[in-house]
Amino acid sequence: MTSAKSISGSGEPWKIRVLRYHRIVEDKRESEKHWSSLYVWDFRRQLDFLEQWGYTTITFNDYRLFLKGELNLPRKPVVLTFDGAYLDNFRVMFPTLQKAGAIAVIFAHADRNIKED
């Protein structure tokens with residue numbers, strides 16, 4: 001899988017797919033207990049399927065650049081999003097994306113009520 005920056009083509013922004021994830025975990029039992037967790041092997045398979053079906057991962061910034069006429073979208077763009085900056089996503093998801101040559105968008109939530117000691 002490649003990122004949008006290495007692909008040229010006119011692109012069809014109305015065909016952009018967005019896939020939402022939360023956590024990618026190494027423990028299959030944890031993924032079976034929590035709806036928000038996906039077992040890493042299943043995630044790898046999904047990335048493989050996306051590549052086989054000709055999808056290319058892009059970011060929202062890629063889309064913004066496309067709207068400005070500064071970047072062409074790939075033929076089949078897809079945005080992978082992650083709700084939450086879980087440690088598992090850094091330890092498990094990030095290396096998995098790197099191996100697949102894919103990119104993603106992480107929405108990190110902050111708690112305004114955290115007090116510094």
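Which residues do ring pairs link into a cluster? They are Y21, F43 and F82.

1. Basis. This is a predicted model, in which local features need pLDDT of at least 70 and side-chain atom pairs count only at pLDDT 80 or more, while totals for chains, interfaces and linings use all residues. Residues are numbered from 1 along each chain as its sequence is written, and side-chain values use heavy atoms, with hydrogens and water left out.

2. Aromatic pairs. The whole structure holds 7 aromatic pairs. Rings of Phe, Tyr and Trp (its six-membered ring) pair if their centres lie within 6.5 Å; planes under 30 degrees apart count as stacked, over 60 as edge-to-face and the rest as tilted. One of the pairs is Y21 with F82, stacked at 5.2 Å centre to centre with 20° between the planes. This pair links distant parts of the chain, as Y21 is in strand 1 (residues 17-21) and F82 in strand 5 (residues 77-83), 61 residues apart. Helices (H or I, at least four residues) and strands (E, at least two) are DSSP runs, numbered from the N terminus.

3. Burial of that pair. Buried means under 20% relative accessible area, exposed over 50%, and partly exposed in between (1.4 Å probe, protein chains only). Y21 counts as buried because its relative accessibility is 9%. F82 is buried too, at 0%.

4. The pair in helix 4. F90 and F94 are also stacked, with 6.5 Å centre to centre and 5° between the planes. They are 4 residues apart in helix 4 (residues 87-100), so about one helical turn separates them. F90 is exposed at 59% relative accessible area, and F94 is partly exposed at 40%.

5. Cores. A nonpolar core is a set of buried Ala, Val, Leu, Ile, Met, Phe, Trp, Tyr and Cys residues joined through side-chain atoms within 4.5 Å. The largest has 16 residues, of which Y21, I24, F43, L47, L80 and L97 touch the most other members. At least two residues of this core come from each of helix 2 (40-52), strand 5 and helix 4. A second, separate core has 6 residues, among them I58, F66, L73 and V79.

6. Contacts of F43. Contact means heavy atoms within 4.5 Å. Apart from neighbours within four places in sequence, F43 contacts Y21, I24, L38, F82, M93, T96 and L97.

7. D88. This residue lies in helix 4 and counts as buried, at 10% relative accessibility. Not counting residues up to four places away in sequence, D88 touches R23, I24, V25, E30 and M93.
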